[in-house]
Amino acid sequence: MPFQRKDLLGIRDLEVHEIEHILELAFSLKEINSRTIKKVPTLRGKTVIHLFYEASTRTRTSFDIAAKRLSADTFSITASTSSLTKGETFLDTVKNLEAMKPDIFIIRHSASGTPHRIAQRTPVAVINAGDGMHEHPSQALLDMMTIRQFKGRLDGLNVLIVGDIAHSRVARSNIWGLTKMGSRVIACAPRTLLPPHLESLGVQVASRLEEAIPHADVIMVLRLQKERQEQKLLPSLREYAVQFGVNAQRLSHAKKDVLIMHPGPINRGVEISPDVADGPHAVILDQVTNGVAVRMALLYLLGQNQP
Ligand code: CP
């Protein structure tokens with residue numbers, strides 16, 4: 001069996017054949033989302049609970065749409081509406097929900113490692129929907145799906161990641177995934193926004209965008225993660241935009257078929273200019289479309305593996 005895991009916690013743990021299997025399944029399930037009746041009975045009778053203890057637009061909505069299109073029943077818990085506000089621990093919340101016999105928990109939490117700790121303490125399948133600065137595996141999978149859709153392959157591509165790499169779980173999951181799949185990853189950011197030991201992960205570092213952009217097949221632009229920056233790491237947003245913003249002038253030196261990606265949410269005029277975000281190279285909304293298909297694939301695989 002190509003995928004026999006109880007949980008999907010990160011890309012770091014996955015084998016190449018497992019990533020391949022998820023992507024192939026996502027490409028085949030994507031067609032359901034263009035039907036007039038966008039629903040199949042695959043997960044009928046299964047129950048999915050979203051535990052989003054951090055803000056989300058894309059991930060929570062697309063997991064919910066994915067589950068509903070597979071006919072699962074879904075329920076949503078947020079920090080502000082849960083009994084966390086009355087002092088209940090996250091583990092107690094999970095154990096109480098577990099007593100209601102769900103099949104899959106989808107967890108987003110600001111503390112790195114939370115989905116891993118929960119997965120060890122519950123028989124329910126756990127999907128990591130983003131944990132602190134650690135991993136965001138479904139985002140990396142939808143990013144890899146989008147690159148493969150437009151480039152036809154992942155191996156041998158130069159993927160330039162620009163922005164706040166130090167605080168980005170999206171960057172971390174993509175670095176693990178893209179290097180496993182044979183892409184070269186190049187990082188470009190102010191030194192204060194680069195994590196240590198990037199080279200040991202197989203990542204090259206470029207200090208100036210101008211030197212990296214002409215070689216890039218894909219430019220993945222990241223938001224400044226202000227909610228995870230504990231101190232002032234930049235002189236100003238304006239200075240960041242001048243030195244590291246991806247704009248039309250810089251893109252004029254890129255390959256003609258370069259892809260511009262961004263996981264969202266975008267801060268227009270900071271890390272990316274509006275004309276680039278909405279321009280002909282941008283596949284940002286294709287990433288969002290593929291997010292539903294990737295999450296259908298993950299729910300299908302984990303739902304099948306549940307007893
Ligand atoms: N890319 C992403 O995780 O977006 P959300 O925070 O809106 O889910």
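Reply: Keep in mind that this is a predicted model. Begin with contacts along the chain: among those between residues at least 6 apart in sequence, 74% join residues at least 24 apart.

Me: What does the secondary structure of the protein come to?

Reply: There are eleven helices and nine strands in the protein. Its radius of gyration is 19 Å, close to the 19 Å given by the globule rule for 307 residues, so the protein is as compact as a globular protein of that length. The C-alpha trace spans about 55 × 45 × 35 Å along its principal axes.

Me: How many of the 307 residues, in percent, count as buried?

Reply: The buried share is 57% of the 307 residues.

Me: How do I read a sheet, and what is the order of the strands in the open sheet of five?

Reply: The strands of a sheet pair through backbone hydrogen bonds, in either a parallel or an antiparallel way. Here the order is S7-S6-S5-S8-S9, and the pairing is parallel. Strands S7 (203-205) and S9 (259-261) each have a single partner strand and stand at the edges, so one side of each has no neighbour in the sheet. From one strand to the next, the twist averages 25 degrees.

Me: How many bridges join strand S5 to strand S8?

Reply: Strand S5 (residues 158-162) runs parallel to strand S8 (residues 218-221), and four bridges join them. To find one of these, look at Val159, whose bridge partner in S8 is Val218.

Terms used. Residues are numbered from 1 along each chain as its sequence is written. This is a predicted model: local features need pLDDT of at least 70, side-chain atom pairs count only at pLDDT 80 or more; totals for chains, interfaces and linings use all residues. Side-chain values use heavy atoms; hydrogens and water are left out. Two strands pair if DSSP finds at least two bridges between them. Helices (H or I, at least four residues) and strands (E, at least two) are DSSP runs, numbered from the N terminus. Axes are lines fitted to C-alpha atoms, for helices over the stretch in contact, and angles run from 0 to 180 degrees between N-to-C directions. The radius of gyration is taken over C-alpha atoms; the globule rule is 2.2 Å times the number of residues to the power 0.38. Buried means under 20% relative accessible area, exposed over 50%, partly exposed in between (1.4 Å probe, protein chains only). Contact means heavy atoms within 4.5 Å.
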